[in-house]
Structures are given as structure tokens and as C-alpha cells.
Amino acid sequence: MTMPHRFECAAGPSRQIHTWLELHMIRFDGRVALVTGAGAGLGRAHALLLASRGAKVVVNDFGGNVDGAGGSERAADRVVEEIRSAGGQAAANYASVSDRAGAESIVQTALDHFGRIDIVVNNAGIIRDRSFAKMTLDDFELVLNVHLLGTVYVTKAAWPHLLAQGYGRVILTTSGSGLVGNFGQTNYSAAKAGMIGFMNNLKIEGAKANVKVNAISPVAETRMTQGLNAPTLQDILRPEQVSPAVAWLASEACDVTGEIIAAGGGYFSRVKLVKATGAVIDGSRERNVTIEDFAENKTRIFDLTDAQPYERTLDDHVLARMGVK
Ligand code: NAD
């Protein structure tokens, strides 16, 4: 369909000419968003995009190193300044998401400055990579605390407000490492995969109140990935190329929940856990299935041809094949 480029609205002296894009622009006027870890990288890009479309944004960042050490107010302040000098509205928060009281303070900053909270973008993260053999349990716990519990604490503080107002958008930041694995990142992967379980439940608990909970699995050139992306990709993998997915998931236009969107360099795609057609091994109900039965059916059990999104193990198709209604 070809769209006309300009529309004339209202007659008289205040008549305005709007472009098609202006009329269909996704905006966040009246909405308040918080973005954790928004002092740099992906979080900064998300915050700038949301603010540029009218959202009032709490820029949270504790301003530490990529391994979680240190801390400074500068990172958050810089992004608040960027937003304000572009004409947007923003407030800074310097708490660590992995601190319960700190996480609550991020939501409180939104309430104190802007009177409400609508959008929660859980983005803050650190890495402490080592093979599992060499990783200390302290490093395991620290990474789990920032990514997984940080996401839980911040979301928990916002949740009652979202439910009470009958509207909310929660975005989690998972990772390919969590979904498929990456050498040296057992702590990070466990946290990133744990978020998916958290999302799968929250999407159910938020459904009635129009609170949608989704995740992105980004790829971007940031300080966290410095030296890891191929040089030919570094220019393409700008964080700004991920943010439109986050902003759409944060918008009123978002009509999905419990989804994961992979995003990087302008590529976007839905990610889904699938279940193979599988094998119903007839133990004929009189005898139990044996290990050898399983081994003989291995090809069918593992074959992903005709795989479907995984909803539950004994779905209707399986029950029918079992002869159970
Ligand atoms: P980044 O290091 O540039 O930014 C992370 C920001 O989070 C930093 O500004 C840091 O100060 C802040 N932060 C860290 N711990 C915090 C805490 N406890 N409380 C508040 N702020 C904290 O990294 P990035 O690449 O922009 O990463 C953003 C998110 O995206 C992370 O969750 C990361 O795991 C995820 N991710 C990134 C990629 C990628 O390719 N860059 C891939 C998959 C997932």
C-alpha cells in the first residue's frame, strides 16, 4: 500500500501539516520508564531513544567497571545531561540493582520525579568470565546477583504499581550465552537463562493487568564485548541498532508477552524453545519402557523436523498418540 506523505489536519489558522510518519510514530508521552545500567552501551541507547519519543526516563547506573568493581555517579549524570540537552526529561539514580534497597530506590526515583512508573528495562550487567573449573563461587554469585536478582529486585519494586494501574511493560535482557552457552560464562549464562523462567511466570501473572513481559537477546559492540566481535562487524553492531526492539516492546503497540527477540546490527528475530515430534514408546502399559527402548528410538526423539514451539510436554498431540483424551 502506498502511503500519502502528508496529511492536513484541522482547518483554520492552527491548521497543521503532518507527515505520515508523524501520525504513526510510536511515542511515550505521559509514560515513565526506568532503564538500569543506562550510563553506557545498550542501556544508554535505550534511554536516549525512549526519551527522544517523549518518555520521562530514570537513568540508573552505579558507574562501575565491566567486572562490577568501583562505582561513580558520572555515568548516569552524563546520560541525563544528554537527554536534557536534547529537550527530554530524565532523572539519575546511582544504585546497584543487586542491592534490594537500591533497586527500590530506582522505582522511588521515578515516583518522586515523575509520579508513576510504566516501563521497566532491566539491562544492567557485568561479567566475570572464567572456565567453570577455575571460577570462584564468589564470582558465580556476584554475576547471578546483578543479572538475575537485580532484575528480580527492580521488577519486584515496580510490580505493584504496574498491576494497580492496569498497565506495564517489563523488558529483560537475556543473552545468546544463556540460551545456547558460551565457554567461560557459566555464571552469566545461568543468570541469563534464569531470567527466561522468571519471564515465563511473570507473563502469566501480569496478563490480566495488561502488563507485558518480554526479553531481548542483543548483540552490540560495547565495552562488555570489546575485542570479541569481528572487526568487520564492529561498526554495524551499534547499540542503537538494538534499541528499537526494546522501545517497541516498551510501547502500547506491543501486543506480545513472554517472547524473546534476538537483535543486533539491525537484524531482529523471535527466538523460541521448540519440541521435536518425539516418539511415543509403547510400553503397552503392561511393561515399563526400557533404556533400550529409548536408545532404539533415539533418532526420532532427537529429530527436529516438524518441531513445534514448546508449550508443555504432554500436549494434546502427544496425548492423542498415547490414546489418552
Ligand atoms: P556495558 O558494560 O556497556 O553496560 C552495562 C552498564 O550496566 C554499565 O554502564 C554498568 O555501569 C551498568 N551496571 C553494571 N552493574 C550494575 C549494577 N549492579 N547496578 C546498576 N548498573 C550496573 O554493557 P552492555 O553490552 O551495554 O550490556 C548491557 C546488557 O546487555 C547487559 O545485561 C549484558 O549482559 C547484555 N548483553 C549484551 C550483549 C552485547 O553484545 N553487548 C550481548 C548479550 C547481552
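Ile216 stands opposite Ile261 in strand S9 of this predicted model. Strand S9 covers residues 260-264 and pairs with strand S8 in the parallel sense, over five bridges. The chain holds 12 helices and 12 strands. Buried residues make up 38% of its 325 residues.

**Overall dimensions and contacts**

- The C-alpha trace of the chain spans about 85 × 55 × 45 Å along its principal axes.
- Of the contacts between residues at least 6 apart in sequence, 66% join residues at least 24 apart.

**The sheet**

- Eight strands form an open sheet with mixed pairing, in the order S5-S4-S3-S6-S7-S8-S9-S10.
- Strand S5 (89-93) and strand S10 (267-271) are the edge strands, and each of them pairs on one side only.
- From one strand to the next, the twist averages 20°.

- Ala90 is buried, because 27 other C-beta atoms lie within 10 Å and the cut-off for a buried residue is 20 or more.
- Leaving aside residues up to four places away in sequence, Ala90 touches Ala51, Val57, Val59, Val80, Ile83 and Arg84.
- One of these contacts, Val59, is 31 residues from Ala90 in sequence. The C-alpha atoms of Ala90 and Val59 are 6.8 Å apart in space.

**The ligand shell**

- The ligand is surrounded by 33 residues, and the closest are Gly37, Gly41, Ala124, Gly125 and Thr222.
- By class, the shell has 13 nonpolar, 18 polar and two charged residues.
- Helix H2 (41-52), helix H5 (137-165) and strand S8 (211-219) each supply at least two residues of the shell.
- Helix H2 gives the most, with three residues.

**Helix H7**

- Helix H7 runs over residues 186-206 and has 21 residues.
- At 1.5 Å a residue, helix H7 should span 30 Å, and its end C-alpha atoms are 30 Å apart, so the two values agree.
- The buried residues of helix H7 are Thr186, Asn187, Tyr188, Ser189, Ala191, Lys192, Met195, Met199, Leu202 and Gly206.
- The elements that cover these buried residues include helix H5, strand S7 (168-173), helix H6 (176-180) and strand S8.

- Most residues other than glycine have a negative phi.
- Asn210 is not a glycine, yet has a positive phi of about 55°. Asn210 is found in the loop between helix H7 and strand S8.
- Asn210 is partly exposed, because 15 other C-beta atoms lie within 10 Å, a count between the cut-offs for exposed (12 or fewer) and buried (20 or more).
- Asp306 is not a glycine either, and has a positive phi of about 65°. Asp306 is found in the loop between helix H11 (298-302) and strand S12 (308-309).
- Asp306 counts as exposed, because it has 8 C-beta neighbours inside 10 Å.

Definitions and conventions. Residues numbered from 1 in each chain as written. Predicted model: local features only at pLDDT ≥ 70, side-chain atom pairs only at ≥ 80, totals over all residues. Near = placed C-beta within 6 Å. Helix = DSSP H or I, 4+ residues; strand = E, 2+ residues; numbered from the N terminus. Nonpolar A, V, L, I, M, F, W, Y, C, P; charged D, E, K, R; others polar. Pairing = 2+ DSSP bridges. Axes fitted to C-alpha atoms, helices over the stretch in contact; angles between N-to-C directions. Expected span 1.5 Å × (residues − 1). Contact = placed C-beta atoms within 7 Å.
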